[in-house]
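Hi everyone, thanks for coming. I'd like to walk you through one structure today, so let's get it up on the screen.

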Amino acid sequence: MAWKKIIPAERTKNIKYAIRDIVVLAKEVEKSGKEMLYLNIGDPNIYDFVTPEQVIDDTVKAMRDNQNGYAPSNGIEEAVSAIKLDAENKGFKNIEDIFVTTGASEAIDIALTALLNSNDNFLLPAPTYPLYDAIINKLGAEPRHYFLDEDNNWEPDLDDLESKIDSATKGILIINPNNPTGTNYSEKSLKGVIELAKRYGLLIFADEIYDKLLFDEKDKHISMASIDTEAPIITFNGLSKSHVVPGFRIGWGIVTGKKELVAEYNEGMQKFVRARLSANKPEQFAIKNALLTPQPHIREMLNKLKKRGEITYNRINAMDGLSLVKTSGAFYAFIKIDLDIDDFTFCKRLIEEYGVVTVPGSGFGQKPDTKHFRVVFLPSEDILNRAYDKIEEFIKKLKEEGK
Ligand code: PLP
């Protein structure tokens, strides 16, 4: 009897993750000895951002106090109360439930898994953060994309959004501040989305993992759940980005809305929350101070990011054939390519010929006939400037090639 080859499920065919897939190519090229400048992964710890001492102290203390068992499935009490208070300070009312998860990623997975049957569709922005597509594809449901409008500061195109809703649509995702565009949405857009959700009876997902990362003190982040107390909303957030601990894998989901609208769905989610036992326990002891005491590292982080965002904006817009809408938060720039080259070839050649690693726009979704690439501007000013020098050379070469 011979061993038999193990075949992966059909559903794996639709799972792509451009942000990490592109690294495979970069690592290949790096083997040839070429220096690589990585502008592709949103992990602040790879660059000059360090975890605040208090976050580490609180976690280490919990470990030393032998808080290394399973946590309650929804999270330890002091973390859940801190998340609740922080949310209330941002204007959340009608909080039905809170569950601490292994990164916001797990909360997103649970919320989608408890919601979607295989004939359903869920509205995602284009461009979007690709995890949502991957999970919806895993569930055999349809990720359906509505456009963000590049000519209107990348705000959601509400007409397009409405035109994509049908009887099988279950919900709408809003990522605000946005990955990959860096936009902080206007109140008008957010209210527009709420109105549509109400008219068509849809659930709203508000991914607000970058809410603390707005560069300008004048800019205010408006939480979806603070706008309408009845609307059924699941808000995702976590410590990964704002507290420089993406490796801790600590995030959460907050369920808000009129009880009779969300209670049954929440019970569905809670079944998965309980089935997977709990999120990491010692790290949950860092949540209370992280959310409820002053966090000076955030201003320092924002000062760096603001400068790096400005360098990115000025350097890119000075290049003929590239353009960038000004970003107000997070650490991403979604750059338009107005040259006769597709976005994948652009990024591939940039890696192979110049050693600069960025991600093709098609990995995030984009309007037909438009092309983009995403840059993460977490690296130091020096690395960014060197990368932009190389991109500039590449653009010159493309022009010489008649592109
Ligand atoms: N949501 C968005 C929009 C993100 O950009 C990311 C990470 O890049 C996540 C969620 C995942 O966050 P976490 O590390 O908490 O799983």
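The centres of domain 1 and domain 2, taken over C-alpha atoms, are 26 Å apart. Please keep in mind that this is a predicted model. To place the two on the chain, domain 1 takes in residues 10–50 together with 296–400, while domain 2 runs through 53–292.

How many residues of each domain are in contact with the other? On the domain 1 side there are 33 residues, and they are in contact with 33 residues of domain 2. If you want to find the domain 1 side on the screen, look for α1 (18–30), α11 (296–317) and β11 (332–337), the elements that each give two or more residues to it. The largest share comes from α11, with five residues.

Now let's turn to the ligand. There are 13 residues around the ligand, and the ones that come nearest are Gly103, Ala104, Ser105, Gly238 and Ser240. Sorted by class, that shell holds seven polar residues, five nonpolar and one charged. Which helix gives the largest share of the shell? That's helix α4, residues 103–113, which contributes three residues.

So what does α4 pack against? Let me take two partners in turn.

One partner is helix α9, residues 259–275: the axes of α4 and α9 come within 8 Å and cross at roughly 130°. That angle makes α4 oblique to α9. The crossing of these two helices, α4 and α9, is right-handed. At the contact, Ile110, Ala111 and Thr113 of α4 meet Met269, Phe272 and Val273 of α9. By class, you have five nonpolar residues there, one polar and no charged ones.

The other partner is helix α5, residues 131–138. Here the axes of α4 and α5 come within 10 Å, with a crossing angle of roughly 35°, and the crossing of α4 and α5 is right-handed. From α4, the residues involved are Ser105, Ile108, Asp109 and Leu112, and they meet Leu131, Tyr132, Ile135 and Ile136 of α5. This contact divides into six nonpolar residues, one polar and one charged.

Notes:
Residues are numbered from 1 along each chain as its sequence is written. This is a predicted model: local features need pLDDT of at least 70, side-chain atom pairs count only at pLDDT 80 or more; totals for chains, interfaces and linings use all residues. A residue is near a molecule or strand if its C-beta atom, placed from the backbone, lies within 6 Å of it. Helices (H or I, at least four residues) and strands (E, at least two) are DSSP runs, numbered from the N terminus. Ala, Val, Leu, Ile, Met, Phe, Trp, Tyr, Cys and Pro count as nonpolar, Asp, Glu, Lys and Arg as charged, and the others, Gly among them, as polar. Axes are lines fitted to C-alpha atoms, for helices over the stretch in contact, and angles run from 0 to 180 degrees between N-to-C directions. Angles under 35 degrees count as roughly parallel, over 145 as roughly antiparallel, 65 to 115 as roughly perpendicular and the rest as oblique. A crossing is left-handed if the near helix is turned anticlockwise from the far one by less than a right angle, and right-handed if clockwise. Two residues are in contact if their C-beta atoms, placed from the backbone, lie within 7 Å. Domain bounds come from an automatic or database domain assignment.
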